[in-house]
Amino acid sequence: MDKFTTLSGIAAPLPLVNIDTDMIIPKQFLKTIKRSGLGVNLFDEMRYDDDRAEIADFVLNKPQYREASILVAGENFGCGSSREHAPWAIKDFGITCVIAPSYADIFYNNCFKNGILPIALPQEQVDVLMKDAEKGSNARIEVDLEAQTVTSSDGDVFSFEVDSFKKRCLMEGLDDIGLTMEKAASIDTFEAAAAQARPWV
Amino acid sequence: MSPKTLYDKIWDAHVAHEADDGTCLLYIDRHLVHEVTSPQAFEGLRMTGRTVRAPEKTIAVPDHNVPTTLGREDPETMPEDSRVQMAALDQNAKDFGIHYYPMNDVRQGIVHIVGPEQGWTLPGMTVVCGDSHTATHGAFGALAHGIGTSEVEHVLATQTLIQKKSKNMKVEITGKLRPGVTAKDITMSVIGETGTAGGTGYVIEYCGEAIRDLSMEGRMTVCNMAIEGGARAGLIAPDEKTYAYCNGRPHAPKGAQWEAALAYWKTLFTDEGAHFDKVVTLKGEDIAPSVTWGTSPEDVLPITAVVPAPSDFEGGKVGAVERSLDYMGLTPGTPLNEIAIDTVFIGSCTNGRIEDLRAAAEILKGKKIGVKRAMVVPGSGLVRAQAEEEGLADIFKEAGFEWRMAGCSMCLAMNPDQLAPGERCAATSNRNFEGRQGRGGRTHLVSPAMAAAAAITGKLTDVREMM
């Protein structure tokens, strides 16, 4: 997995609440058997019209946001389906950090498996960063995972919480299956005891 | 020992390893797999030379892509990309030696209907699947939740998940439901009360008289939409109805094993005085037949209400409602029961079980549809066969419904069953997101009985007027 340590980038503002995974990547793109190549279809139905022409108004189609590496959005981001195609599409577009007041559980976890840092901040701090993002390429937002801070282009510093294990995996780009396999003895022991206690399972 | 919730008990029984920071390896008893969220996980195993640790606990069935028309065995009924994804599941099931119900098996169906039906899902288990509606299995008192593809690969390789424990939330539905009110109305009303993020960070235990009174099918409907309320999982403590449902299923324990299992299952309840971090209580008699008007499952109201205005809301929801009403083509103040419907879809892991079909058929008996198209997609081949045996299929067909083969179908429209732009549908599924049932399609979520009523009148209808 790609590491995430620090990031300085342009942030795209998407001030909508309850952005669901069907919006992030519509179902017709779930038929792939690969993880790559979905960036072009990120927010597909908001981004293209029926003739597949770009909708000029949509944030990621605006010249100043085509290189965005951060997305600032409303509460409950990523609600809906468990499709990991959502973070795959976000990553493939080039966005490696999302900032929102809150996230749906499965999406939040999926981000960490793909080198994406989802940052949850109070609404009023997200509002500040949303305004910052609206300045386009004139404003760069800085993210420091080690220090757990986000810094606006005006120098406002906001601290965020992140689970220590998830933080380490992201900072070091760790393969968590490999990490779990180091604990195979514990799993063996559990499995043997469970087979005794609940043999019908 | 301090009193425990049902969730605490199941969690504690499955922790295979706990790190100093509280990060746990949770052992997984059943891993359900479908064709959409698994190919990259199996590919990951191949690339790293890993195997499936417990193939005997891993069950695969194709459901999202499968066509639901007769003659679907003909490869021409599927687009190339669907065919590739289905073929990948076929191959992965063979290569890794996991249980498999292919499309032409009568037991094939939606993964969350097949699991319980075949006795794979049992009380006290941990169940995961690369699908958010895995919460369905919580109806059995199993801790069940959706996972992403990386986690699918993790479970395949290690039979565990890296987890931190969620908080406990209790949703109590007291008293009795009124006639015409169903499990679907309960679960939608709860989301209307808590919002789609109200359950985030929690595992919900549903309890109370109205929940106990539900059949297993109804309980599955309630737990199915726990995820729509943001919860990691929904749970209902097992009881005599649960045991009766499980007894005799192909993969349920038999003989002495059954007795041992039963004794264990009877310990699966929340202890008196156990702590819940959040409690929501609704009166059963206050719940009405419900319908969604917007593009989030929290946009739900009784059928007797009117379309709300953006000014009825606060904060970010104001803009969201403006957007929703525009997408849905609705004007504030319009009575919900005057909204004309083009299409009716009965099916999905929320409402594709036999009881759902019975409830719809009860309303449809001897009537004709007044919509452009209506379809019933049974949740599994076995539900389909049973409905044919009970004469329900004839009722649907005589009313003008299409009688389809089992699959996810128009719930998420990955197969050819889709809405056209602007087409308005009363659906028994679980999500009314923009584009969910087809680009530009407009979805109103309802119970099976309400869907049947809408099919007859051609508009959203209070089913109580037809009873």
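**Reading the two chains**

Modeller: Let us start with a backbone detail: Gln159(B), which comes directly after H5(B), has a positive phi, near 60°. Helices (H or I, at least four residues) and strands (E, at least two) are DSSP runs, numbered from the N terminus. This is a predicted model, in which local features need pLDDT of at least 70 and side-chain atom pairs count only at pLDDT 80 or more, while totals for chains, interfaces and linings use all residues. Residues are numbered from 1 along each chain as its sequence is written, and chains are lettered from A and ligands numbered from 1 in the order in which they are written.

Biologist: How many of the residues of helix H5 of chain B are buried?

Modeller: A residue is buried if 20 or more other C-beta atoms lie within 10 Å of its own, exposed if 12 or fewer, and partly exposed in between, with C-beta atoms placed from the backbone. In helix H5 (residues 149-158) of chain B, ten of the ten residues are buried, so this helix is largely enclosed by the rest of the structure. Among them are Glu151(B), Glu153(B) and His154(B).

Biologist: What is the number buried in H8(A)?

Modeller: For H8(A) the number is zero of 14 residues, so this helix lies largely in the open.

Biologist: Is Asp92(A) buried, partly exposed or exposed, and which residues does it touch?

Modeller: Asp92(A) belongs to helix H3 (residues 85-93) of chain A. With 19 other C-beta atoms within 10 Å, Asp92(A) is partly exposed. Two residues are in contact if their C-beta atoms, placed from the backbone, lie within 7 Å. Leaving aside residues up to four places away in sequence, Asp92(A) touches Ser36(A), Gly37(A), Leu38(A) and Gly39(A). The C-alpha atoms of Asp92(A) and Glu172(A) are separated by 20 Å, the two residues being 80 apart along the chain.

Biologist: What is the order of the strands in the open sheet of chain A?

Modeller: Strands of a sheet pair through backbone hydrogen bonds, either parallel or antiparallel. Two strands pair if DSSP finds at least two bridges between them. In chain A, seven strands form an open sheet with mixed pairing, in the order E4-E3-E2-E1-E5-E6-E7. Strand E4 (117-120) and strand E7 (157-159) of chain A stand at the edges with a single partner strand each, so one side of each has no neighbour in the sheet. Within chain A, strand E1 (residues 6-14) and strand E5 (residues 140-144) run antiparallel, joined by five bridges. Leu7(A) has Val143(A) as its bridge partner in E5(A).

Biologist: With which strands of chain B does E3(B) pair?

Modeller: E3(B) pairs in the parallel sense with strand E6 (residues 126-129) of chain B over three bridges, where His31(B) stands opposite Val128(B). E3(B) also runs parallel to strand E4 (residues 58-60) of chain B, joined by three bridges, and Leu32(B) has Ile59(B) as its bridge partner there. Strand E3 (residues 30-33) of chain B is covered on both faces, with Arg30(B) and Leu32(B) buried on one side and His31(B) and Val33(B) buried on the other.

Biologist: Which strands make up the open sheet of four strands in chain B?

Modeller: That sheet has the order E11-E10-E9-E12 (chain B), with parallel pairing. Strand E11 (233-235) and strand E12 (278-283) of chain B are at the edges with a single partner strand each, so each has one side without a neighbour in the sheet. Strand E9 (residues 167-174) of chain B pairs with E12(B) over six bridges in the parallel sense, and Thr174(B) has Lys283(B) as its bridge partner in E12(B).

Biologist: How many residues does the contact take from chain A and from chain B?

Modeller: The contact takes 46 residues from chain A and 58 residues from chain B. On the side of chain A, the elements that give two or more residues include helix H1 (21-24), helix H4 (105-112) and helix H8 (184-197).
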